[in-house]
2 protein chains.
Amino acid sequence: MSLTVVGSIALDSVTTPAGRVENALGGSATFFSMASSLFTKVHVVGVVGQDFPQEHVDMLVDRGIDTRDLQVADGETFRWTGSYDGDMSMAETHDTQLNVFAEFDPQISEASRANDFQFLANIHPALQRGVLQQVQHAKLTFMDTMNLWIDTEPEEVKALLKEVMGIVLNDMEAKMLTGEDNLVIAGQKILEMGPEMAVIKKGEHGATVVMDGQVVNLPAYPLHNLVDPTGAGDSFAGGMMGYLASHGEINFDSLKRAVAHGIVVATFTCEAFSLDRLRETTAEHVEERLAEYQNMLAF
Amino acid sequence: MSLTVVGSIALDSVTTPAGRVENALGGSATFFSMASSLFTKVHVVGVVGQDFPQEHVDMLVDRGIDTRDLQVADGETFRWTGSYDGDMSMAETHDTQLNVFAEFDPQISEASRANDFQFLANIHPALQRGVLQQVQHAKLTFMDTMNLWIDTEPEEVKALLKEVMGIVLNDMEAKMLTGEDNLVIAGQKILEMGPEMAVIKKGEHGATVVMDGQVVNLPAYPLHNLVDPTGAGDSFAGGMMGYLASHGEINFDSLKRAVAHGIVVATFTCEAFSLDRLRETTAEHVEERLAEYQNMLAF
């Protein structure tokens, strides 16, 4: 089944212990769609400025991603500058220029609305709700969010949680949202807020999956070569949703398998800057690494 | 095969969000021996004061633990007072009274020296080396350590690492010892310092196992009911070593299985204060929870 993602498209300047890139392709919708396109047909909804390099659009199209809802607006593309050090679990933001993203009003074509799987990447929760109202028929709706919205728009986030079927968020956000430090309990508290599924991303510690009264911890795939974690969370979500959309079935077991796929897909993103590694990644690479991951967890 | 542990025996006063206990049984050798006795015959080497309640010794003996090397010295038993809050990943120490433990000079009987499996729980690294020199014949020697020794006795710790076969330590200690934030790489750097096996404990995030050029992340068992994490790391090590000693074989696969057993055994410790839950835990309880853990990791 097909999948739509609404989110950001950005040009990132990133410094990590491994090096630096300037104005490299980034953004939640970009990482998400490239990751999910390994599994299924994806429509991307986003906005770029007139400075956005055509080669980036070509890359998406070459991957079979539907870009009909990629708006080109007057002005410059969203730019983010950040750096990582230490265990690279959190970026330090040095500069954010929203540019055309500041006025982003997702225009979703009939074709993109019709998709059975809908992912609301991290944008303002009011925009996410606007999208959600247009895709009420969907088989699965999932949202991401961020600490900023939990802090500044808690009522919007809570209203959204009542309407969405699943949420993916990181450990810090889960603690912030619930006021609970134990992630097992935080995950259960999130379900009490509305969604049927909560997936807590824990970076180098993997993910926690909560659904139907069940809780599972899945570890990270051990990564020797961590170059740049930017986009890892979006790639994780893309791998997870792409897997679910390609299989159609939604239950605890399929969600767990989907999260395992997300964990594996995200490792490719981390092994290079921007989408340099993910764009070269094939479904076969994912299956190969997934088999290693499964082997790691068997004893 | 049989196992010897050398470590501390303490009376702990602990406050957690779940409540408080005073002068409850604790200490690394206590948790370790109770955990490992679920799998194999254990000898405990330690010192207590004349105030040490006989009922605690009786509990060890009832569990089949050999206490011939439990010294009773003039003075009071080692006492520790601490508290946890938040995610309970780290204790805050309020008071430490070493008492008889300050002069601890491990006296290891012939029978305890003869055991094939030897565990040096966290005591001064010079004492650990003294023990290690007495058990050179052992099939497996494993050590624990702590941030204090890495900080104040780095040369002693490094000398010990050249002689011991395996080390278990927590994530913070692994980073401190190697100056490396990526735990996958930190684990490999530890092996370059001498041991053949490194097991990095990550609390609610499970453990990382490094041996023979292989690295495995195993997640924690999801714990809803975290009452008191005191002794979890020692119970983990006890479960791990107990499993290895009971099976005899030492290779990457058996170490991984052993770590899985350690993870599961530690959860029982966390579910109550002191040894209140671990003392009631049977091999059947462990096998039952291990099956759930394996099921969680299968997809």
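Trainee: Is helix 9 of chain B covered or exposed, and how many of its residues are buried?
Mentor: This is a predicted model. Helix 9 of chain B is mostly covered. A residue is buried if 20 or more other C-beta atoms lie within 10 Å of its own. By that cut-off, the buried residues of helix 9 of chain B number 14 of 16.

Trainee: How far does helix 9 of chain B reach from its first C-alpha to its last?
Mentor: Helix 9 of chain B covers residues 232-247, which is 16 residues. At 1.5 Å a residue, 22 Å is expected. The span in the model is close to that, at 23 Å.

Trainee: Which residue follows helix 9 of chain B, and what is its phi?
Mentor: The helix is followed by a glycine, B:Gly248. Its phi is positive, near 85 degrees.

Trainee: Where is B:Ser274, and what is its phi?
Mentor: B:Ser274 sits in the loop between helix 10 and helix 11 of chain B. It is a residue other than glycine, yet its phi is positive. The value is near 50 degrees.

Trainee: Where in chain A is A:Met88, and what is its phi?
Mentor: Look in the loop between strand 6 (78-83) and strand 7 (92-97) of chain A. A:Met88 is a residue other than glycine with a positive phi. That phi is near 55 degrees.

Trainee: Is A:Met88 buried or exposed?
Mentor: A:Met88 has 22 other C-beta atoms within 10 Å. The cut-off is 20 or more. Therefore A:Met88 is buried.

Trainee: What covers strand 11 of chain A: one face or both faces?
Mentor: In a regular strand the side chains alternate between the two faces of the sheet. On one side of strand 11 of chain A are A:Met197, A:Val199 and A:Lys201, and on the other are A:Ala198 and A:Ile200. These residues are all buried. The answer is both faces.

Trainee: Which residue in the turn between strand 11 and strand 12 of chain A has a positive phi?
Mentor: The two strands form a hairpin with 5 residues between them. One residue in that turn has a phi of about 60 degrees. It is A:Gly203.

Trainee: Why does the radius of gyration of chain A agree with a compact globule, and what is it?
Mentor: Chain A has 299 residues, so a compact globule would have a radius near 19 Å. The value for chain A agrees with that: 17 Å.

Trainee: What rotation superposes chain B on chain A?
Mentor: The shift along the axis is 0.0 Å, and the RMSD is 0.0 Å. The rotation is 180 degrees. That is the relation of a two-fold axis.

Trainee: Which residue of chain B has the C-alpha nearest the axis?
Mentor: The distance from the axis to that C-alpha is 2.5 Å. The residue is B:Pro219.

Trainee: How many residues does the contact take from chain B, and of what classes?
Mentor: The contact takes 26 residues from chain B and 26 residues from chain A. Helix 8, strand 13 and helix 10 of chain B each supply at least two on the chain B side. By class, that side has 14 nonpolar, 6 polar and 6 charged residues.

Technical notes. Residues numbered from 1 in each chain as written. Chains lettered and ligands numbered in written order. Predicted model: local features only at pLDDT ≥ 70, side-chain atom pairs only at ≥ 80, totals over all residues. Buried ≥ 20, exposed ≤ 12 C-beta atoms within 10 Å, placed from the backbone. Helix = DSSP H or I, 4+ residues; strand = E, 2+ residues; numbered from the N terminus. Pairing = 2+ DSSP bridges. Least-squares fit on C-alpha atoms with pLDDT ≥ 70 in both. Expected span 1.5 Å × (residues − 1). Contact = placed C-beta atoms within 7 Å. Nonpolar A, V, L, I, M, F, W, Y, C, P; charged D, E, K, R; others polar. Rg over C-alpha atoms; globule rule 2.2 N^0.38 Å.
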